[in-house]
Amino acid sequence: MILRDKKTRLVFHNGVLTIGGTIIEVIYEDSHIFFDFGSEYNPASEIQPETLQDLLDEQLLPYLDNMYDTTINLKGYQSKDNIFSNTAVFVSHVHLDHSKVINYLDGDIPLYTLNGTKHLLETLNINNNFLFPRHGNHEWPTRKIIGLEDNDTVEVGKISVKVMPVDHDAYGACGLVITTPDLVIAYTGDIRLHGYKKDKTIQFCEQSENCDVLIIEGVSVSFQELDEEKPLDIQSERDLIEKINDIVNTNPNKQITFNYYISNIDRVLNIIDTNQRTVVLDAYYAYVVKQVTGKQVNYFRTDDKNYNLDKELEIDLNQLLEDKGNYLWQLSENIVNIVPKLSSGGIYIHSNAIPLGMFDPNYEPFIKKFDEQNITVEIIQNSGHAYPQDLVEIINLVKPKLLIPIHSYKPERLVNKYGSATR
């Protein structure tokens with residue numbers, strides 16, 4: 001194997017045979033880095049941890065020497081002497097299965113990510129309820145994050161890490177190209193070819209070409225064979241926008257609401273920019289868009305929180321409830337209690353929003369609310385993960401000496417005709 005005669009060590013602590021919770025360590029001499037630091041998302045589980053102690057005790061997170069907040073009094077865990085002079089953590093993107101645990105890390109350890117992810121994480125966690133909460137009293141709910149520009153390089157001892165943007169459905173997503181004196185490792189994070197930033201994924205692949213190790217996500221092959229065809233109707237983000245616009249255009253006299261996942265900034269911006277109706281967001285979602293992109297959008301309020309939004313863009317919720325043609329407005333998960341107030345015969349568009357799917361116990365009761373109100377539910381979705389055929393294309397572009405598929409229930413489905421692959 002390519003790693004056998006190298007000084008560089010790769011340690012997979014978590015997230016190889018699960019979708020989420022990826023924690024990988026690269027070690028060279030007295031330096032080491034980690035990526036990512038999330039937790040597996042499983043809303044159906046009877047175990048819903050709330051603390052670092054819970055995560056460790058339930059073996060949902062590995063205990064890592066000298067990595068966690070030293071002010072947290074853990075029972076049953078004790079770090080060994082620290083043998084490393086240089087330590088850093090990198091986060092590929094904002095999704096909780098890659099980021100949720102970062103507040104439990106030692107605050108003195110540098111944490112890096114692209115600026116888009118930094119701003120989005122800090123904004124989403126403004127109410128201290130997105131990430132696991134910090135221990136103790138702090139002025140800010142999110143630990144310090146060091147934001148990077150696209151393609152910046154960070155040196156951690158003799159480990160060099162280039163942070164490159166890639167196409168994913170989370171704003172600010174990146175892959176890593178990691179170089180040590182004897183190894184080049186490429187890590188895709190979550191990646192695809194069918195969004196608005198396909199060119200970024202291609203650039204990442206070109207930078208990674210002929211690398212020693214490619215660590216690639218394999219979410220789609222958990223559920224599909226390699227030769228399975230792409231969906232006929234919605235293959236790309238652009239197809240999705242066209243589908244939403246078609247529903248709006250062919251139903252001119254109906255109330256239409258929608259929801260999307262909050263970190264999919266590119267999607268909602270394209271909905272706003274291309275739809276013939278005036279698009280109106282929940283004030284909190286409008287705040288997130290403004291903080292991350294600087295763009296002010298139409299919004300409605302459901303509480304008295306001050307998000308410092310443009311008052312001229314505010315639209316009264318009662319006006320939206322009575323509308324049947326002027327607005328496409330967001331029915332966020334925060335206000336599902338108003339479904340009985342919606343107009344009978346209307347349409348609700350669910351676009352990769354919470355609840356995420358049938359695996360979530362909240363999904364079926366959520367959909368039933370609309371049935372009871374005689375509202376048609378349109379499931380208009382597009383994955384943030386590469387199709388199986390596109391994963392093959394990415395591998396073929398990179399041509400790694402060693403392929404390590406992770407973040408998948410069926411990683412063995414991905415093969416490497418340019419060298420070996422882990423099994």
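**Charged and aromatic contacts**

Aspartate 390 is buried, its relative accessible area being 6%, where buried means under 20%, exposed over 50% and partly exposed in between (1.4 Å probe, protein chains only). The model is predicted, so local features need pLDDT of at least 70 and side-chain atom pairs count only at pLDDT 80 or more, while totals for chains, interfaces and linings use all residues. Residues are numbered from 1 along each chain as its sequence is written, and side-chain values use heavy atoms, without hydrogens and water.

The partner of aspartate 390 is lysine 230: the two form a salt bridge with their closest N and O atoms 3.3 Å apart. The term denotes a side-chain nitrogen of Lys or Arg within 4 Å of a carboxyl oxygen of Asp or Glu. This bridge connects distant parts of the chain, 160 residues apart, with lysine 230 in the loop between strand S11 (213-217) and helix H5 (237-249), and aspartate 390 in helix H10 (residues 388-398). Helices (H or I, at least four residues) and strands (E, at least two) are DSSP runs, numbered from the N terminus.

In total, the structure holds 13 salt bridges. Among them is the bridge of lysine 7 to glutamate 29, with 2.5 Å between the closest N and O atoms. Here the segment before strand S1 (9-14), which holds lysine 7, is linked to the loop between strand S2 (23-28) and strand S3 (31-35), which holds glutamate 29, 22 residues apart. Lysine 7 is partly exposed at 49%, as is glutamate 29 at 39%. Glutamate 29 also meets lysine 158 in a salt bridge (3.1 Å, N to O). That pair is 129 residues apart, lysine 158 lying in the loop between strand S7 (153-156) and strand S8 (159-165).

A charge also meets a ring: the charged end of lysine 100 sits over phenylalanine 132, 4.5 Å from the ring centre, the rule being NZ of Lys or CZ of Arg within 6 Å of the centre and within 35 degrees of the ring normal. Phenylalanine 132 is buried at 5%. In a further cluster, ring pairs link Phe258, Tyr260, Tyr284, Tyr285, Tyr287 and Tyr307. Rings of Phe, Tyr and Trp (its six-membered ring) pair if their centres lie within 6.5 Å, with planes under 30 degrees apart counted as stacked, over 60 as edge-to-face and the rest as tilted.
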